[in-house]
Amino acid sequence: PQAAEIILALGANCPSAVPCLVRGCLNGLKADTKCKPAVVKSLRKLASLSPREANRIRGILQKDCALPELQVALGLKHDARASAMLISSHIAKEYDNRLCSKQEQSTI
């Protein structure tokens, strides 16, 4: 229950460790999806350290295609333009996926 506070303290005391902490959270999420609320809470706490950290975290999440809802939330809070681009990119990918799936079904 105190994982978010511990991760926040680690990130505050050693900013260069923030990317490693984020990767650790994502690895935990991949290992057990039940811990998603704790991971999101931890990442939000880390993002609260500074706008720079929030953008770094959002970048890592975007690179790993993880937690799109958190990516958007962090983007809206710290960089609305990047958030709009992220949303439009996500919509375009979804459209392409659906279009490809319909084309595959029609060829069967």
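In the predicted model, the buried residues of helix α4 are covered by elements that include α2 (18–31), α3 (36–47), α5 (68–78) and α6 (80–107). The residues concerned are E53, A54, I57, R58, I60 and L61. Viewed down the axis of α4, these buried residues fall within an arc of 160°, so they line one face of the helix. The face turned away from the buried side of α4 carries the exposed residues R52 and K63. Helix α4 runs over residues 51–63, and at 1.5 Å a residue its 13 residues should span 18 Å; the C-alpha atoms at its ends are 18 Å apart, so expectation and model agree. After α4 comes C65, which has a positive phi, near 50°.

One of the buried residues of α4 is R58. Its relative accessibility is 10%, and it therefore counts as buried, the cut-off being under 20% relative accessible area. With neighbours within four places in sequence left aside, R58 is in contact with Q71, L74, G75, D79 and A82.

The contact between R58 and Q71 is also found when the surroundings of Q71 are listed. Q71 belongs to helix α5 and counts as buried because its relative accessibility is 3%. Beyond four places in sequence, Q71 touches R58, L61, Q62, C65, A66, S83 and L86. A polar atom of the Q71 side chain lies 2.7 Å from the backbone oxygen of A66.

A66 itself is located in the loop between α4 and α5. Its relative accessible area is 13%, so A66 is buried. Apart from neighbours within four places in sequence, A66 is in contact with L26, L61 and Q71.

In soluble globular proteins, nonpolar side chains tend to be buried together. For L46, contacts beyond four places in sequence are made with I7, L8, G11, V18, L21, V22, E53 and I57.

Helix α1 (residues 3–13) has A4, I7 and G11 as its buried residues. They cover an arc of only 65° around the axis, which puts them on the same side of α1. The elements against which the buried residues of α1 pack are α2 and α3.

The relative accessibility of L49 is 32%, so L49 counts as partly exposed. Between L49 and D79, which are 30 residues apart along the chain, the C-alpha separation is 15 Å.

At the level of the whole chain, the secondary structure comprises six helices and zero strands, in the order α-α-α-α-α-α along the sequence. The C-alpha trace spans about 55 × 30 × 20 Å along its principal axes. The radius of gyration of the chain is 16 Å, whereas a compact globule of 108 residues would have a value near 13 Å. Buried residues account for 28% of the 108 residues. Of the contacts between residues at least 6 apart in sequence, 57% join residues at least 24 apart.

Note on methods
Residues are numbered from 1 along each chain as its sequence is written. This is a predicted model: local features need pLDDT of at least 70, side-chain atom pairs count only at pLDDT 80 or more; totals for chains, interfaces and linings use all residues. Side-chain values use heavy atoms; hydrogens and water are left out. Helices (H or I, at least four residues) and strands (E, at least two) are DSSP runs, numbered from the N terminus. The expected span of a helix is 1.5 Å times one less than its number of residues. Buried means under 20% relative accessible area, exposed over 50%, partly exposed in between (1.4 Å probe, protein chains only). The arc is that of the directions from the helix axis to the C-beta atoms. Contact means heavy atoms within 4.5 Å. A polar contact is a pair of N or O atoms within 3.5 Å; within protein, one must be able to donate a hydrogen and the other to accept it, and residues adjacent in sequence count only if both atoms are side-chain atoms. The radius of gyration is taken over C-alpha atoms; the globule rule is 2.2 Å times the number of residues to the power 0.38.
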